[in-house]
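Welcome, and please open your viewer. We will walk through one protein stop by stop, selecting a few residues each time.

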Amino acid sequence: MTAVLSISLDVNGERVETRVFPRTNLADFLREQLKLAGTHVGCEHGVCGACTVRVNGEIVRSCLMLAVQADGTSVETIEGLSDSGEISDLQNAFRERNALQCGFCTPAMLMAAQDLLKDEAEPDRARIREHLSGNYCRCTGYQAIVDAVEATARARKGRRP
Ligand code: FES
Ligand code: FES
C-alpha cells in the first residue's frame, strides 16, 4: 500500500488540511483534490508555464513542485486572484484586446503578468515580453497579450491606456 502524508496549507485564503500521495505534484493536487481547474497542465516538465500559481507570494510552476512541498505555505491560484478582484483590470484588458483565444494559457498568463505589474509600475514592451517568455501561447502571437499588459500598467499609473 502506498503511504499518504498529511499536509496543511492555505489555498486562496482558506485553510486546507488533507492527505496526499508523496508523488502528487502541486498542479494535480490543486486540480484533482481541490477541484481548482484554472491551473492548467500542459507539458508537465516546467516548460510551458500553464501551471503557474503563487506560493508565498512568488510564482512557481506547480507541475515541478510536490504537494507535500507546499505544506505550511500559502498558495494562490487564478481562482483566488480572480475572486479577490486583484486582476480584474488585467482580465478586462485581455478581453478588450482579444488577448486570448482558446484560453488554455490565459490563467497562468494573467498570473505571470500580475507578478510583473505588482513589482514594476511601467515595464516597457520588451520587459513585458521577457517576463512572459516562460508562458507559452499557441494561439495569439503574443502581440495582444503585450498590448493588454501594457495598457493595464498605464491605467494603473493613471495614464490613458
Ligand atoms: S505544465 Fe507546468 S510548466 Fe508546463
Ligand atoms: S490563447 Fe490558446 S494557448 Fe494562449
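Predicted model: local features only at pLDDT ≥ 70, side-chain atom pairs only at ≥ 80, totals over all residues.

Residues are numbered from 1 along each chain as its sequence is written, chains are lettered from A and ligands numbered from 1 in the order in which they are written, and side-chain values use heavy atoms, with hydrogens and water left out.

**Stop 1: the two domains.** Colour residues 5-78 as domain 1 and 85-159 as domain 2; these bounds come from an automatic or database domain assignment. Their C-alpha centres lie 22 Å apart. In the contact (heavy atoms within 4.5 Å), 18 residues come from domain 1 and 16 residues from domain 2.

**Stop 2: the interface.** About 1,200 Å² is buried between the domains, and carbon and sulfur atoms give 61% of it. Buried area here is the accessible area (1.4 Å probe) that two parts lose on being put together, summed over both. Now select Arg54, Ile59 and Ile78: they supply 40% of the area that domain 1 buries against domain 2, more than any other three residues.

**Stop 3: arginine 54.** Which residue does the side chain of arginine 54 meet in a salt bridge at 3.0 Å? Select glutamate 86, and you have the pair. A salt bridge is a side-chain nitrogen of Lys or Arg within 4 Å of a carboxyl oxygen of Asp or Glu. The rule finds one across the interface of domain 1 and domain 2.

Strands (E, at least two residues) and helices (H or I, at least four) are DSSP runs, numbered from the N terminus. Arginine 54 is buried at 5% relative accessible area, while glutamate 76 is partly exposed at 22%; buried means under 20%, exposed over 50%, and partly exposed in between (1.4 Å probe, protein chains only).

**Stop 4: a network.** Finally, select Arg125, Asp147, Glu150 and Arg154, which salt bridges with shared partners join into one network. Aspartate 147 and arginine 125 come within 2.9 Å, and glutamate 150 and arginine 154 within 3.5 Å. Glutamate 150 and arginine 154 are four residues apart in helix H6, about one helical turn.
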